[in-house]
Amino acid sequence: MSVDHAPTGRAPGQQHRAGYDEATRARLAADAAAIIARYPRERSALLPMLHLVQAEDGYVSPRGIAFCAATLGLTTAEVSAVATFYTQFKRHPNGTYTVGVCTNTLCAIMGGDAIWEELSEHLGIGHDETTPDGAITLERVECNAACDYAPVVMVNWEFFDNQTPASATALADDLRAGEAVRPTRGADSVCTFREMSRVLAGFGDGRADEGVGAGGPTLAGLRVAQEHEWTAPAYGDEATDTAAPTSGQPDAGGSGAGAPGAPVVGGEQSSAQRTPTGGRDASAAPRARKRASDEAKES
Amino acid sequence: MAHLTPVLSAHWDAERSWTLPVYEAGGGYRGLRKALTMAPADVLTAVKESGLRGRGGAGFPAGMKWGFLPAPDGGPRYLVVNADESEPGTCKDMPLLLASPQELIEGIVITSYAIGCHHAFVYVRGEVLHITRRLQQAVEAARAAGYLGSDILGSGFDLEVTVHAGAGAYICGEETALLDSLEGLRGQPRLKPPFPAVAGLYARPTVVNNVETIASVPGILRGGASWFTSMGTERSSGHGLFSLSGHVTRPGQYEAPLGITLRELLELAGGVREGHELKFWTPGGSSTPLFTAEHLDVPLDYESVATAGSMLGTRALQIFDETTSVVRAVTRWTEFYKHESCGKCTPCREGTYWLLQVLQRLEAGQGTSADIELLLDLCDNILGRAFCALGDGATSCITSGIQYFRDEFEAGTHTPADVLFPPERSSVFAYTPRSAQLAGVQR
């Protein structure tokens, strides 16, 4: 996020406040506790908690940062350091919909650049700017793993595949008019930025069964295989009853099933590069060795 | 004609393919049932013998990676699935998870059983809302059916899975940056060694594998290692998703044995778009050196692609035809690397910044005669000197672009790329570029 894009003023109700009222704070604390419970160590909850803050405030607000810091025993500087690293964490109020045009190479060449030019001019805003009505925050986004559907536009991180300048401006107009829009591969309609943020914080919205399993390009190879009646080699277990009884008794000397603690793992696992040295497990010797080797490039 | 081998993609066209009952009806969880009758060490051996190599780009043998875990010491061991698919051009894991997330969950249970892990994590990129929903639901459904939780299928084995959404950072696809991010920190790579196998998540022994790698495990258990090695080449065994995109008639996912060629894949995909010819392509995403039409018959396996001067990477085959400016493509990728550089190490942070400055003036037709040498010198100072593979990857398209299309970079000293290669000829729809409209130019 560039420093020369200062927040363009806040709408009423969006002022920074010292903190949350008691009811809100209690609700957020309960959500935070549920997030923290997912992890062995509580700091891992920080990213989902920042999504949670965005679900509440529409951006990573100062009071949200303070809430995360207080909950996780961090300083606000430590929380801010993390929040500023990730592009999805917004430092000023986001629009109801983030409209992202992929302008990475493949989409750009397939027409993403033209879509971007058209949309930016149509809305009168540039990258990371929000329309005056607060409906749309426009972004140039990086590759979103839908290259076979290029050019792609994302609305609140739902896929709108195979776009054109005309389809993208119509989409933006619908969003600003409050009309429901339907992603190509996604839920039946696009939720708001805040609702989306809550899902990213790990709280499902019960909409997973909406939409398709796959679009055309996803199935392109499968269709060709079906046409030619090509299949992968048979597994050899096809004759088995699908509801084969579960074996509760692994082979003798096997997994230690039912035994407390970690399963007994094979002797092969002793082939570690070295034995663990405990604690943070970063001994000086391997560190020194690293400089002189290419090991760091492995994997 | 080369045959496709749909394994992961075999049931993607089923009605409600993403649900557990549909997955089970297609043979789902047979691999797990088989695995639970075996000793964990034998599961590990089966995966080792299959020769399954990491499908996330580096191609490191999965079984060997698991085998690097030190002997159990009573403390936790973790499996972390890298679902942060962000490499430009790469688009295989997201459709897999949208269509069939249970493939991953089953692979997670088997892998966890093999390595002695009781809490696994899926780090999914934050920019794919519906996939996050499907993953969350898949975990819930698997737990309700007894495939997750305690005493899985009566085996005594316990496993919890946490789905964790990232927040927009390409670097978190690097396994140690991913671990830092999962620990609630800025996603910056760690010094290796120690490798995650020894000191990974919370400094505990950890396996980090790509979605497709883990999703390939159930099939290996069902069919055995020899089933897997009956596909692919000797050292690049098995099936893989090949993702065709760009100037191709039928872009999409083509699951084939490793070792298939682009010529064969293009034939199945209807060829380069009508009336055009192949100019350059990436074998495995933007971080792998470019190939040209002379590489159409290179077998797409790890060894052959490396011998030909690139990397198999993620099998992200981005196809560009003769209307495309290499300088424009390379400049845009470089913009990406500059944006996504985490800033930890100087060669990458500063290098990608200056690479972009030079490339932008070449794209604008305002380069100097020294710029090509300057670019190569900059690349030489990044490659092998950056902290992680991001910096190395940033140089690939530049050095290979200059290697094959030097004259286009030289033209950047006098003619803008969009004059040499009008962008409206590359796009899938007709339009008049703003620059031409403003100048009143008719092209």
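## Getting your bearings

This is a predicted model, where local features need pLDDT of at least 70, side-chain atom pairs count only at pLDDT 80 or more, and totals for chains, interfaces and linings use all residues. Residues are numbered from 1 along each chain as its sequence is written, while chains are lettered from A and ligands numbered from 1 in the order in which they are written.

The model scores ipTM 0.96 and pTM 0.90. For chain B, the average pLDDT is 97, and 98% of the residues score at least 70. Here pLDDT is the predictor's confidence in each residue, from 0 to 100.

## Chain A in outline

Chain A has nine helices and five strands. Helices (H or I, at least four residues) and strands (E, at least two) are DSSP runs, numbered from the N terminus. Read from the N terminus on, the elements go α-α-α-α-β-α-β-β-β-β-α-α-α-α.

Of the 299 residues of chain A, 44% count as buried. A residue is buried if 20 or more other C-beta atoms lie within 10 Å of its own, exposed if 12 or fewer, and partly exposed in between, with C-beta atoms placed from the backbone. Among contacts in chain A with a separation of 6 or more, 60% come from residues 24 or more positions apart. Two residues are in contact if their C-beta atoms, placed from the backbone, lie within 7 Å.

## Around strand β3 of chain A

Strand β3 (residues 136-141) of chain A is mostly covered, with five of its six residues buried. β3(A) runs parallel to strand β1 (residues 97-102) of chain A, and six bridges join them. In that pairing, A:Val101 has A:Arg140 as its bridge partner. Two strands pair if DSSP finds at least two bridges between them.

With strand β2 (residues 129-130) of chain A, β3(A) runs antiparallel, joined by two bridges. Here A:Glu129 stands opposite A:Leu138. The hairpin of β2(A) and β3(A) has five residues between the strands, and A:Gly134 in that hairpin takes a positive phi near 75 degrees.

## A helix and a sheet in chain B

Helix α6 (residues 101-115) of chain B has 15 residues, and at 1.5 Å a residue these should span 21 Å; its end C-alpha atoms are 21 Å apart, which agrees. That expected span is 1.5 Å times one less than the number of residues. In α6(B), 15 of its 15 residues are buried. Just after the helix, B:Gly116 takes a positive phi of about 75 degrees.

Chain B also has an open sheet of five strands in the order β6-β5-β9-β7-β8, with mixed pairing. At the edges stand β6 (252-257) and β8 (291-292), each with a single partner strand, so one side of each is left without a neighbour in the sheet.

## Where parts meet

The contact between the chains takes 123 residues from chain B and 108 residues from chain A. On the chain B side, helix α7 (residues 129-144) gives the most, with seven residues. By class, the side of chain B that touches chain A has 63 nonpolar, 39 polar and 21 charged residues. Ala, Val, Leu, Ile, Met, Phe, Trp, Tyr, Cys and Pro count as nonpolar, Asp, Glu, Lys and Arg as charged, and the others, Gly among them, as polar.

Within chain B, the domain assignment gives domain 1 (20-223), domain 2 (239-321) and domain 3 (326-425); such bounds come from an automatic or database domain assignment. The centres of domain 1 and domain 3 of chain B, taken over C-alpha atoms, are 35 Å apart. Eight residues of domain 1 of chain B are in contact with nine residues of domain 3 of chain B.

Most residues other than glycine have a negative phi, and most peptide bonds are trans. Back to A:Ala145: its phi is near 60 degrees, a positive value in a residue other than glycine. A:Ala145 is buried, with 29 other C-beta atoms within 10 Å. B:Tyr202 has a positive phi too, near 50 degrees, but B:Tyr202 is partly exposed, with 18 other C-beta atoms within 10 Å.

As for cis peptide bonds, one joins A:Ala150 and A:Pro151, with omega about -5 degrees. A:Pro151 is found in the loop between β3 and β4 (153-155) of chain A. In chain B, the bond from B:Lys192 to B:Pro193 is cis, with omega near -5 degrees.
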